[in-house]
Amino acid sequence: MNDSARPKKSRGLLALSPLAVFLCLYLGTSLAAGDFYKVPIAVAFLAASVYSVLISRGEPLAERIRHFTQGASHHNLMLMIWIFVLAGAFARSAEATGAIDATVGLTLRILPGNLLLGGLFLAGCFISLAVGTSVGTIVALTPVALGIAQRTGLETPMIVAVIVGGSFFGDNLSFISDTTITATRTQECSMRDKFRVNGLIAVPAAAAVLGLYLLSGAEMPAAAQRQSVEWIPIIPYLAVLVLAICGVHVTTVLVTGIVLTGAVGLLGGSVGWIEWIGALGEGIAGMGELIVITLLAGGMLEMIRRGGGIDYLIGALTRKVSGKRTAELSIAALVSMANLCTANNTIAIITTGPIARQIADRFGVDRRKSASLLDSFSCFVQGLIPYGAQLMIAAGLASVSPLEIIGYLYYPMALGICSLLAILLRYPRKYS
């Protein structure tokens, strides 16, 4: 390597180092202590964020802080924070007015114990396929999953992971998913063709996980059944699900849900004005740490981008491509590493999509296959990173650590394995 290349490589590696600081501090310390609560994730992000500002060079400290703040206040993050606030308020309001308890009771009556996990997973798959967003699915179903865990004695991280896993099925395949739209546009192929290829990879993964849940269900404890179902408190939840499936924006869905839970609770006499307003406040306050984490992560990842960390990754991962298989592997590695650095699968695809298209054209990779790989591997990584929006909001709603959920995320793991096998085994043959 010549001398002129060394500084660029050094800067690229240095720009990526805040991510390593976060992972080492959070994961390393937690695993060494055997307790995921020893090091709060917000503290780990704070340390990594301060470090990311300090290692930036060539600008005054005030200017570096300004760039950090711009990253933290990106419009996508602000929208996510609004969703967190509304989701917390809705979940607590629904709990206080009896909506969650009634919905849990209905679910347990419809699904017998041996079909409960499989039924929840299928619900997550179908709803996410309809709404095109994993976040919206998680917001709608996690409170119900939490109530079921409390009624059945199942581990909360495990049953929450069932919902999160199912939510990524639709995130990956839905025609209205941001990742599908972005992947097909950057690769210049039709959504229908991408769906066909992607389905041949994702459906076997989902089928395997569904089979696992059905087998596991045989050992599930039976929950006490109610003699009757309270239908009135269920109205807010039914409205939320119907609006989500109809494609209404998640913020509108949540505001509607909050209003309906208040109306049902107040008119039905289950809560008073003071109790309902207090529940809303408790739900919003419960999202406080999640909001802080989101801001810190956004700022840190912006500093990584500005420092050339993502550009360095793109160059390093595309340098030694020589054939179809290595070309597909490089596309997979490219979007996976970009996802680690952005914590957003849509942005990761936008960042790497044009490079992936160039690789596909140069080495004869079918663009339908490259679009499928971009989407599948981005969802695989997004589903397993503890600082991704999906895991953080699920963990926030369930009051557990994101790391506790990761061990039960069978579908993202299965999707990653099937996607890798699709590359190694040249599957599906027609598109490989």
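Modeller: Happy to, and keep in mind that this is a predicted model. Let's start with the lining of the second largest pocket: eight of its residues are nonpolar, eight polar and five charged.

Biologist: What makes Glu95, one of the residues closest to the pocket centre, count as charged?

Modeller: Asp, Glu, Lys and Arg are the charged types, so Glu95 belongs with them. Ala91, Ile100, Leu146 and Leu397 are also among the closest to the centre, and Ala, Ile and Leu count as nonpolar. The space in this pocket is about 420 Å³.

Biologist: Which helix gives the most to that lining?

Modeller: That is H7, with six residues.

Biologist: Why is Arg305 called partly exposed?

Modeller: Its relative accessible area is 43%. Buried would need under 20% and exposed over 50%, so Arg305 falls in between. Arg305 sits in helix H14, which spans residues 288–306.

Biologist: How do you know that Arg305 and Glu302 make a polar contact?

Modeller: Their side chains come to 2.8 Å, and the cut-off is 3.5 Å between N or O atoms, so the pair qualifies.

Biologist: And what makes Ile393 a member of the largest nonpolar core?

Modeller: Members must be buried, under 20% relative accessible area, and joined through side-chain atoms within 4.5 Å. Ile393 is one of the 108 residues there, and among those touching the most other members. Leaving out residues up to four places away in sequence, Ile393 touches Ile83, Phe84, Ala87, Ile138, Val139 and Leu290.

Notes. Residues are numbered from 1 along each chain as its sequence is written. This is a predicted model: local features need pLDDT of at least 70, side-chain atom pairs count only at pLDDT 80 or more; totals for chains, interfaces and linings use all residues. Side-chain values use heavy atoms; hydrogens and water are left out. Helices (H or I, at least four residues) and strands (E, at least two) are DSSP runs, numbered from the N terminus. Buried means under 20% relative accessible area, exposed over 50%, partly exposed in between (1.4 Å probe, protein chains only). A polar contact is a pair of N or O atoms within 3.5 Å; within protein, one must be able to donate a hydrogen and the other to accept it, and residues adjacent in sequence count only if both atoms are side-chain atoms. On a 1 Å grid over the protein atoms alone, a cavity is a set of points where a 1.4 Å probe fits but cannot get out, and a pocket is an open set with protein on both sides within 12 Å along at least five of seven lines; lining residues have an atom within 4 Å of a point. Grid points are joined across faces, edges and corners, and a volume is the space filled by probe spheres set on the points. Contact means heavy atoms within 4.5 Å.
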